[in-house]
Amino acid sequence: MSTDPTTASDDLALDDELSNDVVRDGYEPVIALIDLPEDSLMGVHLSDGTPICLFRVDGVVHAVHDCCTHQAFPMSAGELLPDGSLECAWHGARFDPVTGQPSRGPACEPLQVYRVLVADGMILVARSP
């Protein structure tokens with residue numbers, strides 16, 4: 001499996017091949033890259049039921065927990081703003097796409113950020129933040 005560093009938001013040093021051990025040891029495929037439109041939010045679930053919000057900013061895939069830290073509304077129902085920040089649709093809380101830190105209330109706690117790999121056209125998300 002080859003990785004495309006322009007669309008992977010993980011900082012792991014990988015060879016040209018993505019080892020099956022990496023997939024087993026902490027990552028799982030969630031959707032095909034082609035199924036994630038640029039500049040939009042998409043909700044998916046890990047195999048254990050964890051809700052994840054996927055999105056691309058400048059071609060880089062990101063993943064955060066799909067629950068606003070203010071009142072648990074799905075972030076995937078919100079909006080990806082032109083500056084790349086995420087806005088919750090319920091009360092307008094905004095979050096940094098890379099760090100998950102809130103940039104506008106009412107949320108005070110950051111979103112959990114998950115590492116992402118893109119390999120062989122698939123998006124793989126770390127099983128834990």
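Buried means under 20% relative accessible area, exposed over 50%, and partly exposed in between (1.4 Å probe, protein chains only). The model is predicted: local features need pLDDT of at least 70, side-chain atom pairs count only at pLDDT 80 or more, and totals for chains, interfaces and linings use all residues. Residues are numbered from 1 along each chain as its sequence is written, and side-chain values use heavy atoms, with hydrogens and water left out.

**Exercise 1.** Determine the strand order and pairing sense of the open sheet that contains β1.

*Solution.* Strands are DSSP runs (E, at least two residues) numbered from the N terminus, and two strands pair if DSSP finds at least two bridges between them.
1. The three strands of this open sheet follow the order β1-β11-β10, with antiparallel pairing.
2. β1 (27-32) and β10 (116-119) are the edge strands, each pairing on one side only.
3. From one strand to the next, the twist averages 30°, where axes are lines fitted to C-alpha atoms and angles run from 0 to 180 degrees between N-to-C directions.
4. Five bridges join β1 to β11 (residues 122-126) in the antiparallel sense.
5. P29 lies opposite L124 of β11.

**Exercise 2.** Identify the salt bridge that involves R127 and state whether each partner is buried, partly exposed or exposed.

*Solution.* A salt bridge is a side-chain nitrogen of Lys or Arg within 4 Å of a carboxyl oxygen of Asp or Glu.
1. R127 pairs with E28, at 3.3 Å from N to O.
2. This pair links distant parts of the chain, since R127 is in the segment after β11 and E28 is in strand β1, 99 residues apart.
3. E28 counts as buried because its relative accessibility is 8%.
4. R127 counts as partly exposed because its relative accessibility is 38%.

**Exercise 3.** Trace the salt-bridge network that includes E87.

*Solution.* 
1. E87 meets R94 in a salt bridge of 2.8 Å, N to O.
2. E87 also forms a salt bridge with R104, with the closest N and O atoms 2.8 Å apart.
3. The latter pair links distant parts of the chain: E87 in strand β6 (residues 86-87) and R104 in strand β8, 17 residues apart.
4. E87 is buried because its relative accessible area is 15%.
5. R94 is partly exposed at 25%, and R104 is partly exposed at 37%.

**Exercise 4.** Describe the surroundings of V98.

*Solution.* 
1. V98 is located in the loop between β7 (94-95) and β8 (102-104).
2. V98 counts as exposed because its relative accessibility is 53%.
3. Leaving aside neighbours within four places in sequence, V98 is in contact (heavy atoms within 4.5 Å) with H62 and V113.

Note on methods
Helix = DSSP H or I, 4+ residues; strand = E, 2+ residues; numbered from the N terminus.
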